[in-house]
Number of protein chains: 2
Amino acid sequence: MPSIVIAQGGGPTAVINQTLCGAILAARKHDPSSRILGARHGVRGLTVGNVVDLTAIPEADLRRLGNTPNSALGSTRDKPDSGACSAILAALSRLDARAFVYIGGNDTAGTLELLRQQSNSPCHFVHAPKTIDNDLMENDHVPGFISAAAFVANALVSVDLDFRAMPGIYVAIVMGRHAGFLTAAAAGWQQSSDDAPHLIYTPEKPFTVAQFLDEVDAVYARLGRCIVSMSEGVQDEMGRPLAEALAGEAVEHDAHGNLQLTGGDLGIEIQKALKSRFPKARARVDTLGYLPRGYVGVIDETDRKEAFDAGAFSVQSALGGSGSVVLHYDGHHTTPQFVPLTRVAGKTRRMPDDFFAGSNAVSAEGRRYFRRLLPKRPDIFPPFV
Amino acid sequence: MPSIVIAQGGGPTAVINQTLCGAILAARKHDPSSRILGARHGVRGLTVGNVVDLTAIPEADLRRLGNTPNSALGSTRDKPDSGACSAILAALSRLDARAFVYIGGNDTAGTLELLRQQSNSPCHFVHAPKTIDNDLMENDHVPGFISAAAFVANALVSVDLDFRAMPGIYVAIVMGRHAGFLTAAAAGWQQSSDDAPHLIYTPEKPFTVAQFLDEVDAVYARLGRCIVSMSEGVQDEMGRPLAEALAGEAVEHDAHGNLQLTGGDLGIEIQKALKSRFPKARARVDTLGYLPRGYVGVIDETDRKEAFDAGAFSVQSALGGSGSVVLHYDGHHTTPQFVPLTRVAGKTRRMPDDFFAGSNAVSAEGRRYFRRLLPKRPDIFPPFV
């Protein structure tokens, strides 16, 4: 009996299971003769035969599944070599797979492209997009990003009020190795230059601690507070991540060669630098870390729907060939489209230059983009201070 | 013209402005002949004459104000000495204050008790409670706590799913100097011993890094993941905060003698210890820090209402005398009551012993307490892994 195989790869998001649900329901509708199988822990589940049958899950359960954040099938960061690819392809053959739908980011798309090149079966390889980093080429934005961005924006609006009530300096360390979208997103809610984030530091622009301190000083002198949003992946002028420089030998890379950053190393260094430069100020560094990427308390409705639709579209597309589902924006509506895997696989989209105003702020163009994606700004009553 | 003066002290909460609203509306209703004045930045605003007239704010604005987190009047950690008390009392006399309502924690109540003792005017001194630490004596729980607890519980449920998808160890560092309520609260959503938080560490029980690592080891071996909730204020057997021991000379105290902890110092040490003991595991430490205490995205409805009612009750009580508003629970309902300031001022309520099961877990009794306060647990579909 033929099958459609689905898996999830890389870091989870708040809506990655919506994509899974969309794919399951579309498979039932458009290919009712196939079994629907889920591979546990991504391609790793295929090689060891760890597969769950999703064909008959009741729709009420699917709805609950969709609203549950973080990869329900489990995930992996494994990057299969040529031998592992053979084992995966053999497993897909045994399962009589018409299509392998892999939900993930650019590394996941890369794995699919490897499989596609090595395959000589009629199985189609389809990438369904997800990432909180928003760093996939060809996409206006990526399922999972809006919810994560809303988490960060809510955090910075809230902390801004905290520091209006008592002066000080606050730095939120935000996930993001190569792209600063998540770090910069809260700028979409700025109504004036008094609103947080007052400074943003992303991997796209060179970062030095000395310049950072000077820039904090200027904002703090002007407003009596300074709220900073900083990517874990900020880099020096040589392109070397500061966290790597700080962590020295201890730093780890995953199978895709990605540096395993933690906000902690960076955070402690930033905390020390602030304490030394502003010894009398309240200065606080928090690592938001994993919170934004799958927080059940802040899941955006548009994000839910787009993630679901991307999953459904991935299965419809899979019946015709291999490729990557991308979210296209035509100036009015966001719709899924289908492009060759090579346009997305292993590539990283960074914040466009016109989203920046200098090295530490978001331009009007960038703010418009983030405002379009974010939910409505909370209705904040202006403090009396 | 007589007045009722209101101020906010200490760290903010998500619902502290509900208490302000409740107080304003009750003052209009029960004492319509008085002006309603807000002192900016707590008692500091009184001494320098920095006062805002709140008498005529439209009700629609008050509703927006109530829903806006973090102290709208500004706050302070100043602890007035005898001279400063005289200046504050003189200011209250100039304003012809019938009552001074100060919204805050146990330090705020302490300031009010100092003023009351030194005063020889007919002004009444009333404490309206707020704190995310939930550490006020005489209170079943304190306005501001439920919203903060819901933030942390949502975080740990979400991260638990993240680590079901890919194995590893996670530590959330949570605010709390002396009381572990906020750190332990997420246990109220536990349905089995597989559910996070798998380990909790609070200031009430001695903490050593070596024992912590052994306990993590046991959970990680059993489940393939370990989610830990740890107070910033964890202490060694001598009662010395670990963060203080780690920070050495650099540590700061506020005017009330409170140690100014930051999760960062503790976090980096915990991160290092985990890396050394579990070199191959994914191990991540995030400092939740300021996020739980005033996060606009997670404000609990019961908390809103109780905070509002506490504010209204504080003004009604103020017309009769000085004291502290406390939340009493009779087994069915929570209602505000009025007690002498000395029963709350400067005292700290810690987690009762029967809330603990050993040193690192919450008892059934404790879980019942937190479950009663927390909102409904999110409807999580069990992962396939």
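Leaving aside its neighbours within four places in sequence, which residues is Asp133(A) in contact with? Keep that in mind as we set up the view.

**Before you start.** This is a predicted model, where local features need pLDDT of at least 70, side-chain atom pairs count only at pLDDT 80 or more, and totals for chains, interfaces and linings use all residues. Residues are numbered from 1 along each chain as its sequence is written, chains are lettered from A and ligands numbered from 1 in the order in which they are written, and side-chain values use heavy atoms, with hydrogens and water left out.

Stop 1: Select Asp133(A), which the unreviewed UniProt entry annotates as "active site". UniProt positions are given in the numbering used here, feature names are shortened, and annotations may be inferred rather than shown by experiment. You will find Asp133(A) in the loop between strand 5 (124-129) and helix 6 (145-165) of chain A. Helices (H or I, at least four residues) and strands (E, at least two) are DSSP runs, numbered from the N terminus. Asp133(A) counts as buried because its relative accessibility is 17%; buried means under 20% relative accessible area, exposed over 50%, partly exposed in between (1.4 Å probe, protein chains only). Now for the opening question: show Gly176(A), Ala179(A) and Phe181(A), the residues in contact with Asp133(A) once neighbours within four places in sequence are left aside. Contact means heavy atoms within 4.5 Å.

**Stop 2: the cysteines.** A disulfide is a covalent bond between the sulfur atoms of two cysteines. The rule used here asks for a pair of cysteine sulfur atoms within 2.5 Å, and the count over all chains is 0 disulfides. Select Cys85(A): the nearest cysteine sulfur belongs to Cys123(A), 13 Å away. Cys85(A) is buried, at 1% relative accessibility.

**Stop 3: where the chains meet.** Show both chains. The contact takes 70 residues from chain A and 70 residues from chain B. Together they bury about 5,500 Å², 61% of it on carbon and sulfur atoms; buried area is the accessible area (1.4 Å probe) that two parts lose on being put together, summed over both.

Next, pick Arg64(B) and Asp379(A), whose side chains meet in a salt bridge (3.0 Å, N to O).

Definitions and conventions
Salt bridge = Lys/Arg side-chain N within 4 Å of Asp/Glu carboxyl O.
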